Amino acid sequence: MNREEALKVLGDGHTIWSVECAQEVCENIGVSWSDSVARKHYSYVNPGSSQKHNVYMDTEGEVTVACNTLTSYVMDQLGVEPQHYFHGRGSQAEHNARVIKEELDRRERYPLSN
């Protein structure tokens, strides 16, 4: 996984990721992994909502990582916060991934000011 792929993972607010994928994202972004990010997930169907808001797990109760949890964790570890708040998980995740990218770019330009 490269940084661009890691940022795509962070920007996808409707996905549940494997622990291994989430660990790779953290490694690529340069933050330490914490088992507190992973938890058991179960399928969820919201009646009256569009299909994109439903979650279907292949294995009920599998320990995985929700995108919004991973993105929030990475932002906390980098010491950054969202500049805007959105109602939708997808829009929020895309925004948060941009904030993370901007912080990583800043750290590369000014390495002593981390």
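Angles under 35 degrees count as roughly parallel, over 145 as roughly antiparallel, 65 to 115 as roughly perpendicular and the rest as oblique. Axes are lines fitted to C-alpha atoms, for helices over the stretch in contact, and angles run from 0 to 180 degrees between N-to-C directions. Helices (H or I, at least four residues) and strands (E, at least two) are DSSP runs, numbered from the N terminus.

The model is predicted: local features need pLDDT of at least 70, side-chain atom pairs count only at pLDDT 80 or more, and totals for chains, interfaces and linings use all residues. Residues are numbered from 1 along each chain as its sequence is written, and side-chain values use heavy atoms, with hydrogens and water left out.

**The sheet**

Three strands form an open sheet in the order β1-β3-β2, with antiparallel pairing; two strands pair if DSSP finds at least two bridges between them. β1 (16-18) and β2 (39-41) are the edge strands, each with a single partner, so one side of each has no neighbour in the sheet. From one strand to the next, the twist averages 70 degrees. β1 and β3 (residues 62-66) are joined in the antiparallel sense by 3 bridges. Trp17 has Val65 in β3 as its bridge partner. Helix α2 (residues 19-29) lies across β1 and β3, at about 85 degrees to β1.

**The helix pairs**

| Pair | Angle | Axes |
|---|---|---|
| α2 and α3 (residues 67-78) | about 25 degrees | 11 Å apart |
| α1 (residues 3-10) and α2 | roughly 125 degrees | within 9 Å |

α2 and α3 are therefore roughly parallel to each other. Their crossing is right-handed; a crossing is left-handed if the near helix is turned anticlockwise from the far one by less than a right angle, and right-handed if clockwise. On the α2 side the contact (heavy atoms within 4.5 Å) is made by Ala22, Val25, Cys26 and Ile29, and on the α3 side by Leu70, Tyr73, Val74 and Leu78. The residues of this contact are 8 nonpolar, no polar and no charged. Here Ala, Val, Leu, Ile, Met, Phe, Trp, Tyr, Cys and Pro count as nonpolar, Asp, Glu, Lys and Arg as charged, and the others, Gly among them, as polar.

For α1 and α2, the axes cross at roughly 125 degrees, which makes α1 oblique to α2. α1 passes α2 in a left-handed crossing. Arg3, Ala6, Leu7, Val9 and Leu10 of α1 meet Cys21, Val25, Asn28 and Ile29 of α2. By class, the contact of α1 with α2 holds 7 nonpolar, 1 polar and 1 charged residues.
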